[in-house]
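Subject: Handing over a structure, with notes on what was found

Dear colleague,

I am passing on to you the structure we spoke of, and I would be grateful if you could read the notes below with it open beside you.

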Amino acid sequence: MTAKKTTNSKQSFAGDRIIRSEGAMIAGIMEGSPDAVGVAVIRLDCGCRKMAAVAEDGEPASKVIIYRDGAESVCDKCKEDNGTFPRVTKAFIDWQETELTDSQKKDIELKVLGNQPPVQ
Ligand SMILES: [Zn+2]
């Protein structure tokens, strides 16, 4: 099989079947969300992830995307419960806007992520 190789890292979300890494997803979300200062990343115990761009005021700057690495759809569990909170293993914000102060970041984190699950 001769797959076209391209070094262009830009990928469209529409219909691509390329294995998407977390980093590529974050870059894609940022690209589509001009108001975003970062991307909230929520990892679930099943291996799926939820992500959403976050604006400076702590409001969502994109819709929530749920996906699974290397798969075209999320797992059956997530289809059922849509990645419910008790299954969150890690939640954080990947900051893209570095001009924010630590306290601004803290405020946004609290607003977006709420109570974080205990770090193991
Ligand atoms: Zn899942």
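This is a predicted model: local features need pLDDT of at least 70, side-chain atom pairs count only at pLDDT 80 or more; totals for chains, interfaces and linings use all residues.

Residues are numbered from 1 along each chain as its sequence is written, and side-chain values use heavy atoms, with hydrogens and water left out.

The zinc site

The zinc ion has as its protein donors the SG atoms of C46, C48, C75 and C78, which lie 2.2 to 2.4 Å from it; donors are N, O and S atoms within 2.8 Å of the metal (3.2 Å for Na, K and Ca), and since water is not among the atoms, sites may look incomplete. The angles among the 4 donor atoms run from 99 to 116°, and the site is tetrahedral, a label given to four donors if all angles lie between 85 and 135 degrees. Along the sequence, the donor residues follow the spacing C-x1-C-x26-C-x2-C. Because C46 sits in the loop between β1 and β2 and C75 in the loop between β3 and α2 (76-81), the pair ties together parts that are 29 residues apart in sequence. Helices (H or I, at least four residues) and strands (E, at least two) are DSSP runs, numbered from the N terminus.

C48 is buried at 1%, C78 is buried at 2%, and C75 is buried at 16%. Leaving aside neighbours within four places in sequence, C48 is in contact (heavy atoms within 4.5 Å) with residues including I42, Y67, V74, C75 and C78. A search of the whole structure finds 0 disulfides, a disulfide being a pair of cysteine sulfur atoms within 2.5 Å.

A nonpolar core is a set of buried Ala, Val, Leu, Ile, Met, Phe, Trp, Tyr and Cys residues joined through side-chain atoms within 4.5 Å. The largest one has 16 residues, and L44, C46, C48, C78, I93, W95 and I108 have the most contacts inside it. Two or more residues come to this core from each of β1, β2, β4 and α3 (102-113), with β4 giving the most, 4 residues. Another core, of 10 residues, lies apart from it and has M25, I29, V41 and Y67 among its members.

In helix α1 (residues 22-32), the buried residues are E22, M25, I26, G28, I29 and M30. These buried residues pack against β1 (36-44), β2 (48-55), β3 (65-68) and β4 (88-95).

Single residues to look at

R49 belongs to strand β2 and is buried, with a relative accessible area of 13%. Its side chain is joined to that of D69 by a polar contact of 2.8 Å; a polar contact is a pair of N or O atoms within 3.5 Å, where within protein one must be able to donate a hydrogen and the other to accept it, and residues adjacent in sequence count only if both atoms are side-chain atoms.

R87 lies in the loop between α2 and β4 and counts as buried at 7% relative accessibility. Beyond residues up to four places away in sequence, R87 touches R43, L44, D45, C46, K77, C78 and D81.

N82 is also found in the loop between α2 and β4, but N82 is partly exposed, with a relative accessible area of 47%. Its phi is near 60°, a positive value in a residue other than glycine, whereas most residues other than glycine have a negative phi. Not counting residues up to four places away in sequence, N82 touches K50, I66 and K77, and the C-alpha atoms of N82 and I66, 16 residues apart along the chain, are separated by 8.1 Å.

Lastly, P34, in the loop between α1 and β1, is exposed, with a relative accessible area of 75%.

With best wishes

Technical notes. Buried means under 20% relative accessible area, exposed over 50%, partly exposed in between (1.4 Å probe, protein chains only). Four donors count as tetrahedral if all angles lie between 85 and 135 degrees; four count as square planar and six as octahedral if opposite donors are over 155 degrees apart and all others between 65 and 115; anything else is irregular.
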